[in-house]
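This report goes through one structure by region, from the sheet to the ligand and then to single residues. The sequence and the model come first.

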Amino acid sequence: MKVAPSILTCDFAHLAGEIKRIEASGADMLHLDVMDGVFVPNLSFGPPVIERIRRVTGLFLDVHLMMAYPDRLLEAFASAGADSLNLHVECDSPLGPALEKIRSLGLKSALTLKPGTPAEAVFPYLDQLDMVLVMTVEPGFGGQKFMAEMMPKVTAIREEIHRRNLAVSLQVDGGVNRQTAVQAAKAGADIAVAGSALLGDPDPRSFVEALHALS
Ligand code: DX5
Ligand code: ZN
């Protein structure tokens with residue numbers, strides 16, 4: 001399984017150094033959590049910070065938009081250097097046009113489901129997607145506990161992707177550590193977002209290697 005470290009719990013006063021540390025771990029991409037204080041009860045960062053991150057790393061930038069109206073800033077995230085834009089199914093922007101817009105900007109498109117949203121909510125959009133993200137915590141904060149009860153949802157989406165013969169990646173986000181990653185891989189996820197567990201690990205390289213060995 002691939003590893004997408006989330007920088008949400010890193011030391012933001014030393015962001016470039018934290019990103020170098022993540023690069024050295026052998027991680028596959030960066031997961032950037034954008035929060036608007038409306039869709040989730042927290043704020044994080046937006047396009048200007050992503051633009052600065054783009055200048056210090058060549059890693060693929062996967063941007064998780066926890067925003068009520070993500071369509072208002074799609075161009076701004078694209079110009080900032082995002083590689084993929086990930087919208088919540090539950091947001092208030094019309095999804096079909098927003099997904100089309102993301103692809104027309106030359107970026108990969110993804111949809112995310114909160115824990116209370118069923119697998120089927122994403123099925124009508126699967127043809128327009130490069131990735132689906134199943135939240136394994138309530139979005140808004142790093143460092144929460146993995147919800148193992150989301151695994152049947154991961155499996156249901158994996159089966160639908162397979163049934164329709166699509167090349168869509170399936171990500172889990174929230175509470176992923178060396179143990180919970182095993183459950184997620186078994187359920188059918190092929191990318192794990194990992195924030196606090198990876199950044200807090202004394203040996204991030206071996207953390208990434210352990211997850212790479214899962215399938
Ligand atoms: C939660 C974010 C996650 C979070 C993951 O709202 O979407 O990406 O930062 O952090 P950990 O791995 O600490 O749960
Ligand atoms: Zn996230």
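The sections below describe a predicted model.

## Sheet architecture

The sheet is open and has eight strands, in the order β1-β8-β7-β6-β5-β4-β3-β2, with parallel pairing. The edge positions belong to β1 (2-5) and β2; each has a single partner strand, so one side of each lacks a neighbour in the sheet. Between neighbouring strands the average turn is 25°, with direction ignored.

Helix α8 (residues 204-212) packs on this sheet and touches β1 and β8. The direction of helix α8 makes about 140° with that of β1. Strand β8 (residues 191-194) also pairs with strand β7 (residues 169-173), in the parallel sense and over three bridges. Within that pair, Gln171 has Ile191 of β8 as its bridge partner.

How many residues of β2 are buried? The count is seven of seven, and the strand is mostly covered. Met29, His31, Asp33 and Met35 point one way from β2, while Leu30, Leu32 and Val34 point the other way. In a regular strand, side chains alternate between the two faces of the sheet. Residues in both of these sets of β2 are buried.

Strand β3 (residues 60-66) pairs with β2 in the parallel sense over seven bridges. One of the links is between Asp33 and His64, its bridge partner in β3. Six of the seven residues of β3 are buried, so this strand is largely enclosed by the rest of the structure.

## Ligand 1

Ligand 1 is surrounded by 20 residues, and the closest are Gly140, Gly143, Asp173, Gly195 and Ser196. Gly143 places a backbone N or O atom 2.8 Å from an oxygen atom of ligand 1. For Gly195, too, a backbone N or O atom lies 2.8 Å from an oxygen atom of the ligand. His64 has a polar side-chain atom 3.2 Å from an oxygen atom of ligand 1.

How much of ligand 1 does the protein bury? Taken alone, the ligand exposes 380 Å², and the protein buries 99% of that.

## Thr112 in strand β5

Thr112 belongs to strand β5 (residues 108-113). Its relative accessible area is 0%, which is why Thr112 counts as buried. The side chains of Thr112 and Asn86 are joined by a polar contact of 2.5 Å.

Leaving aside neighbours within four places in sequence, Thr112 is in contact with His64, Asn86, Leu87, His88, Val89, Glu90, Leu133 and Met135. The list includes His64, the residue that is also the bridge partner of Asp33 and has a polar side-chain atom 3.2 Å from a ligand oxygen.

## Helix α5

Glu160 is located in helix α5 (residues 151-163), and Thr155 is found in helix α5 as well. Is Glu160 buried or exposed? Glu160 is buried, since its relative accessible area is 11% and the cut-off for burial is under 20%. Thr155, with a relative accessible area of 27%, is partly exposed.

Beyond its neighbours within four places in sequence, Glu160 is in contact with Phe123 and Leu126. For Thr155, the C-alpha atom is separated by 24 Å from that of Met66, and these two residues are 89 residues apart along the chain.

Gly26 sits in the loop between α1 (15-24) and β2 (29-35). Gly26 counts as partly exposed because its relative accessibility is 28%.

Which residues does Gly26 contact, leaving aside its neighbours within four places in sequence? These are Arg205, Val208 and His212. Helix α8 covers residues 204-212. A further separation concerns Gly26 and Lys101, which are 75 residues apart along the chain and have C-alpha atoms separated by 32 Å.

Technical notes
Residues numbered from 1 in each chain as written. Chains lettered and ligands numbered in written order. Predicted model: local features only at pLDDT ≥ 70, side-chain atom pairs only at ≥ 80, totals over all residues. Heavy atoms only, no water. Helix = DSSP H or I, 4+ residues; strand = E, 2+ residues; numbered from the N terminus. Buried < 20%, exposed > 50% of the residue type's maximum accessible area, 1.4 Å probe, protein only. Contact = heavy atoms within 4.5 Å. Polar contact = N/O pair within 3.5 Å; in protein donor to acceptor, adjacent residues only side chain to side chain. Pairing = 2+ DSSP bridges. Axes fitted to C-alpha atoms, helices over the stretch in contact; angles between N-to-C directions. Near = heavy atom within 4 Å. Areas by Shrake-Rupley, 256 points an atom, 1.4 Å probe, with all protein chains shown as cover.
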